[in-house]
Every structure is written in C-alpha cells, then in structure tokens.
Amino acid sequence: MAVADRNTRTARRPDEPDLAAVRLWKDALDHLRVRINREGFDTWLAVTDVRSLSASAIELEVPNSFFADWITQHYLGEIRAVLRELVGRDLSVSFRARDAADARALRRGRAAVPNPPRNGTGRLRTRYTFDCFVVGESNRFACAAARSVAEHPGATYNPLFIYGGVGLGKTHLVHAIGNHALSLRPELRVYYVPAETFFLELIRAIEKNTRLDFKSKYRALDLLLMDDVHYLVGKERLQEEVFHIFNTLHDSGSQIVFTCDRPPKEIPTLEERLASRLGSGLVVDIGPPDLEMRIAILKQKAAREEQELPHDVALYIASRVKSNIRELEGSLVRLLALSSLTDRPLSVELAEETLKDLLAQVPSVTPDAVIEAAAKSWGVTAADIRSNRRTQQLALARQVAMYLIRKNLGLSLKEIGLCFGGKDHTTVMHAVDKVERLRIEDEPFAARLRKLDSGISRGQAVS
Ligand code: ADP
Ligand code: MG
C-alpha cells in the first residue's frame, strides 16, 4: 500500500517518523475520536504520536508504559480496526514509552492534567447552569435535590447520587450545582472530576510519588462533584481510593455529588462501602423527557441562539427524537445550520429534510428486530434467545442482543429484561458488561459485533 511503501523509500532523519506515517496516524486519530468516548480519547489517545511505520507494523509513542498497557487493554481492537480500514490490511501495533524528560514536557504541555482547584474555580463549565436546565416530570426531583445541595452543601443530602441514562442531563446538573454554589459562596472550594480523570490523576500521583498532595488536594474540598462513577465498576482498588476520600470529606462536612448510569446497588462493591453513608444521602434518578419537556428544551435552546422556533417545528422534532436530550440538541443544531446556510425559514419541511437520515433509522429499529438480527448472526433462532435455555452459543447471542438493544435503543436494564421474557435487570447488566469486555479484548468478536451493529443502525435488522 502506498502509505507504507513511501515510508520505506523516503529519506528521513533517524528517529523521526516520515510524513506518510504522521498523516496516517492523524487520520486514524480522527476516526478514533468519533468511535471512542471523548474522555477516553482525550486521556489516552490524544497524547500519542507515531514513531514509525512499515508495510506491516506501526509503532506508537506514548508517555509511559502504563499508557501502553492501558491502550492495549482498552483500545487496541479499535485502533487496529481503524488502521485496517485506512490501509486495507492488518498492521501490528506496538508502543514505545517516551523518555522521562519528554514525558514531563508532554504532561505540562498537552495532557489533560486537571488544575488544582483555586478559589473554587475547578473545572466547571459555566454554561451548564440551573437557569438553562429545563425541568419536567422526569427530572423534577433530581433538580430540586441538586438545588438544595447547591444552596446548603454538606447540610442536606450527602452524598447526592444522581443516576440516569446517557444524554439525560446528569453532567449538566452537577455543573449547575457547582456554578450555583459558587455564585452564592465564591470562597467555596469546588471541584468537578469525571471518575476516569480521577483515576488518571491517581495514577500520575503514584508515578510521581505525590500521593499525599493528591489526597490533600481532595481532602481540602468543600464540594466534590464526581461524574460517571460507573467507570469504577470492577475497579476495586480505585473504589477504595474514592471511598477513603469520600469518607474524609463526609466526616468534615463537605458535600459530595456522584453521577452514574445506574443506581448504586448495581455497583455492588461500591454500594456496600457507601451503604451506611448512603443512609444520610439521597439517590435520585433522571428519566427520559416527556414530549412537553422535549418541546420546551428545543424552544429554549433555539432562543439561546436568538432564533424563534415555530411550535409546529418543535413538535415535529420532539415527537421524533425521544430518548436522548443530546440527540435532540443535535437535531436542532443541524436544523439551524441548514436554515442559515440555505437562507430558508425554520419550517416543518426543513425539519423533515434535516432529520431524514436520522429518522430513516430510528423508528425502524425495535427490540424484536435486534433479537432477530443477533439470532441470525449467531446461527440460533429468536425463540431460542427469548427462552431460558443456556448453551454457550445461545447465551452469547442473547447477551449480544441485550447489549445492542441497550446501545441502539437506550432502554433501561429493566425494560430490556422484559424483552427477554422477564429476565432480571442484573442479568442484563452482566450481559452488557461482558459484551463490552469481549469487544475490547477479542478482535474477531468485535468485528462481528460491528458488522451486526452497523446492519442494525442502517435499519437492515427490521423484522
Ligand atoms: P449526561 O451527562 O446525562 O449524559 P448531559 O448532561 O451531558 O447528559 O446532557 C446532554 C446535553 O443535553 C447537554 O448539552 C445538556 O445541556 C442538555 N440537557 C440535558 N438535560 C437538559 C435539560 N433538562 N434542559 C436543558 N438541556 C438539557
Ligand atoms: Mg455525562
């Protein structure tokens, strides 16, 4: 392939990757950026560089060997798939750690090292406030609890544990707590941290022998907002660290807020540890927004862009994009862009055009269709999948179907259990985690899953 051939021909300074290699890796990163969650990409992949490229192998440079291990465990499958797409064959991927000086420079310059909280500024996103958080049935309780915590941190519900599906406003809400608390008491030390970043900070502290600084930074906080703690599932060591910090903060009257994609009892080890503390806390959930709320969100977002969204247009979009507020926003952004680019007014007709691709897929995918598709791909029948039989192949096909329903339809674990003859939500959770793990560890499995998944999202799985 041209990319690699050129690499062997081009004269270059020793130890400097040639242009083709750099370009290939840049393209690969562009592809990976959309396939991997943002936090993961920014933390682990954005800091990589290419070292060398040959016809059959690519060598990547990473800050240290820990990155190499982590990337190998979690992202190697995706990296190899993307490279295969770009160069048309398999490349073996290896890693080289930068030397210590480089690594330090890199950390200073590019890696996402969170700043220690200074006068409470933390890493809060100022645009996520209560003022622009639309309240409806599905989030009323969560929002009230969040306000109360922002107004009296440490005094009411501690910890506050907010859980709910993807794109329903958890991150928005915790930032709103931080922003509001600071507007009332600017001297507060507030810190927002996604659980994955917390983990990375911890690893760095261990590497640099600065564990004590790390601990004292956290222990000095008045309000700790820890996002996406489902990241802690299966990471007991990390849970322990979180638990210790949490304990110290709690004892000194500081407030902690957690967000998660599932209730605490579905992270059993964490729950056990937090159990006595959760007694003094509050667990609230955020559900999918109803139609009225979806319309209100669209209108509010349009107004913030100084556009007036006609009611029939808002109704049209809101009745079609249902499960996820992030997608709702995305649809509106596309509509506003199309309207301004083509100089056409905001109308139902334009909305229809904007959502054409999206809607071609969305309504056609049903749980039954996914089960059919998974059954076909694994050579079993849909009735087998819904049954209680448990051969190895059948169990895997069933787990894959559960995973894909969760991913494509965003149903709750309980709802998914119902699609499978009333299986328990913990069975579904176990299935989703297992498939996710296999996807990372087992490339042939990942490829099969991708093929099935893209068939489903193109609507080919309609039964
Ligand atoms: P999560 O963290 O639950 O995945 P986010 O907080 O990132 O979801 O929300 C996704 C997007 O939807 C964000 O841009 C957020 O501002 C917006 N959003 C979510 N809930 C609301 C709401 N109730 N009102 C207005 N915007 C919302
Ligand atoms: Mg979030």
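Predicted model: local features only at pLDDT ≥ 70, side-chain atom pairs only at ≥ 80, totals over all residues.
1. Start with Met226, which sits across from Phe258 of strand E7. The strands involved are E6 (residues 223–227) and E7 (residues 255–260), which run parallel and are joined by four bridges.

2. Leu224 is worth a click. Beyond its neighbours within four places in sequence, Leu224 contacts Tyr191, Val193, Tyr218, Ile245, Leu249, Gln255, Ile256 and Val257. Leu224 is also, along with Trp25 and Ile58, one of the residues touching the most other members of the largest nonpolar core, a set of 60 residues. Which helix gives this core its largest share? That would be H4 (residues 65–87), with 10 residues. The core takes at least three residues from domain 1 (2–109) and at least three from domain 2 (140–286). There is also a second, separate core of 33 residues, with Ile371, Val380, Leu413 and Met429 among them.

3. I had a look at helix H10 (residues 236–251) too. The buried residues of H10 are Leu238, Gln239, Glu241, Val242, Phe243, Ile245, Phe246, Asn247, Leu249 and His250. What do they pack against? The partners are H8, helix H9 (211–219), E6, E7 and helix H11 (268–278). After H10 comes Gly253, with a positive phi near 80 degrees.

4. Next, some backbone points to check by eye. Most peptide bonds are trans, and most residues other than glycine have a negative phi. Where is the cis peptide bond? Look from Asn158 to Pro159, where omega is near 0 degrees. Pro159 belongs to the loop between helix H6 (140–151) and strand E4 (160–164).

5. Glu306 is a residue other than glycine with a positive phi, near 60 degrees. You'll find Glu306 in the loop between helix H12 (291–304) and helix H13 (311–318). Is Glu306 buried or exposed? Its relative accessibility is 75%, and the cut-off for exposed is over 50%, so Glu306 counts as exposed.

6. Asp343 also deserves a look: phi is near 55 degrees, a positive value in a residue other than glycine. Asp343 sits in the loop between helix H14 (325–342) and helix H15 (348–361). With a relative accessible area of 70%, Asp343 is exposed.

7. Last, the chain as a whole. How many helices and strands does the chain have? There are 21 helices and eight strands. The chain has 463 residues, and 50% of them count as buried. Taking contacts between residues at least 6 apart in sequence, 72% join residues at least 24 apart.

Technical notes. Residues numbered from 1 in each chain as written. Chains lettered and ligands numbered in written order. Heavy atoms only, no water. Pairing = 2+ DSSP bridges. Helix = DSSP H or I, 4+ residues; strand = E, 2+ residues; numbered from the N terminus. Core = buried A, V, L, I, M, F, W, Y, C linked by side-chain atoms within 4.5 Å. Buried < 20%, exposed > 50% of the residue type's maximum accessible area, 1.4 Å probe, protein only. Domains from an automatic or database assignment. Contact = heavy atoms within 4.5 Å.
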